[in-house]
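Dear colleague,

Please find below the structure that I am handing over to you.

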Amino acid sequence: MLSYKHGFHAGNYADVVKHAVLGECLRYMKQKPKPLVYIDTHAGCGGYRLRSDEARKTGEAEKGILKLLRAEAMPPVLSTYVAQVQALQNRPGAEDYYPGSPKLAADLLGPEDRLLLFEAHSAEAPRLRQRFARDARVRVAQSDGFAGLLANLPPPERRGVILIDPSYEVKSDYSTVISSLQKAHRRFAQGVFLLWYPVVERRRIKAMEAALQGSGIRRILQLELAVRPDGIKAGMTAAGLFVVNPPYTLRESMEPVLAYLSGCLAESAAAGFTCRELVGE
Ligand SMILES: C[S@@+](CC[C@H](N)C(=O)[O-])C[C@H]1O[C@@H](n2cnc3c(N)ncnc32)[C@H](O)[C@@H]1O
């Protein structure tokens with residue numbers, strides 16, 4: 001049974017990085033007026049409250065999006081994402097609303113696009129389905145996102161952004177994400193894949209990097225924000241994304257964002273970031 005609930009973590013520094021990158025990729029893809037599909041293999045419930053009991057219990061949003069909402073003068077990609085969140089909060093009763101990845105994506109996509117959202121949790125999936133009940137572009141499936149992804153590739157649109165964002169509650173996820181990405185890439189080599197990871201044990205991320213470097217997949221960017229030094233039992237000290245087929249502008253636009261965040265959201269003097277090509281052309 002799944003026990004992870006994203007409401008405890010929504011708007012934390014990991015969400016900030018993930019959602020800023022996702023937004024940038026979708027905006028880049030939408031420069032071409034052609035339909036695309038967005039696939040979220042681990043979608044969550046789609047929207048959160050930053051002042052809920054769950055959020056207050058961890059206080060993670062306080063060290064993430066809530067800090068940014070009070071900050072000024074930030075790099076363009078970040079201010080675009082913060083403005084998107086702010087606009088959603090500018091509605092009566094929504095002052096502490098935080099959008100999940102499906103909502104951020106839905107608002108950036110057009111009427112010609114499709115969204116496929118997978119969420120396995122028996123309480124989160126119905127909430128997600130209800131949230132998008134009136135959006136004909138969206139299909140919600142309460143099922144395993146890894147299997148769902150493969151069953152839907154290649155998409156008829158031949159253009160797509162795929163977010164693979166498990167909670168890593170099940171330790172096998174560290175290897176499943178890599179094998180799923182490999183299989184998905186074989187079916188849809190031109191897709192833009194965003195694979196999120198938490199750094200709880202650095203050795204697991206090193207193993208993922210090595211596996212990706214040996215996978216035969218080309219063009220992989222690694223973007224990571226570290227807020228504290230790694231350590232055993234130190235919790236999640238950093239979080240990042242592997243981006244396959246990144247927009248050509250992504251590295252250049254994310255470097256100042258990560259540099260800014262490593263100052264603004266630092267939780268120790270050891271905060272820092274990685275913005276590198278893990279695998280080249
Ligand atoms: C990190 S959260 C997703 C957050 C969301 N993508 C966002 O950025 O707003 C991971 C979600 O994956 C769900 N989940 C876990 N295993 C799953 C699986 N095999 N297939 C689909 N969803 C799964 C969990 O219930 C949880 O809601």
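Predicted model: local features only at pLDDT ≥ 70, side-chain atom pairs only at ≥ 80, totals over all residues.

Residues are numbered from 1 along each chain as its sequence is written.

The sheet

Strands of a sheet pair through backbone hydrogen bonds, either parallel or antiparallel. Here, eight strands form an open sheet with mixed pairing, in the order E5-E4-E1-E6-E7-E9-E8-E10. Helices (H or I, at least four residues) and strands (E, at least two) are DSSP runs, numbered from the N terminus. Two strands pair if DSSP finds at least two bridges between them. Strand E5 (138-141) and strand E10 (272-279) are the edge strands, each pairing on one side only. From one strand to the next, the twist averages 15°.

The helices

Two packed helices are described by the angle between their axes and the distance between the axes. Axes are lines fitted to C-alpha atoms, for helices over the stretch in contact, and angles run from 0 to 180 degrees between N-to-C directions.

Helix H1 (residues 13-29) and helix H5 (residues 101-108) have axes that come within 10 Å and cross at roughly 25°. H1 is therefore roughly parallel to H5 (angles under 35 degrees count as roughly parallel, over 145 as roughly antiparallel, 65 to 115 as roughly perpendicular and the rest as oblique). The contact (C-beta atoms, placed from the backbone, within 7 Å) involves His 19, Leu 22, Gly 23, Leu 26 and Arg 27 of H1, and Ser 101, Leu 104, Ala 105 and Leu 108 of H5. These residues divide into five nonpolar, three polar and one charged. In this classification, Ala, Val, Leu, Ile, Met, Phe, Trp, Tyr, Cys and Pro count as nonpolar, Asp, Glu, Lys and Arg as charged, and the others, Gly among them, as polar.

The axes of H1 and helix H4 (residues 76-89) come within 9 Å and cross at roughly 100°, which means that H1 is roughly perpendicular to H4.

The ligand

Which residues are the closest to the ligand? They are His 42, Gly 44, Gly 100, Ser 101 and His 121, within a shell of 21 residues (C-beta atom, placed from the backbone, within 6 Å).

The backbone

Most residues other than glycine have a negative phi, and most peptide bonds are trans. The bond from Leu 153 to Pro 154 is cis, with omega near -5°. Tyr 168 has a positive phi of about 60° although it is not a glycine.

Yours sincerely

How values were computed
Contact = placed C-beta atoms within 7 Å.
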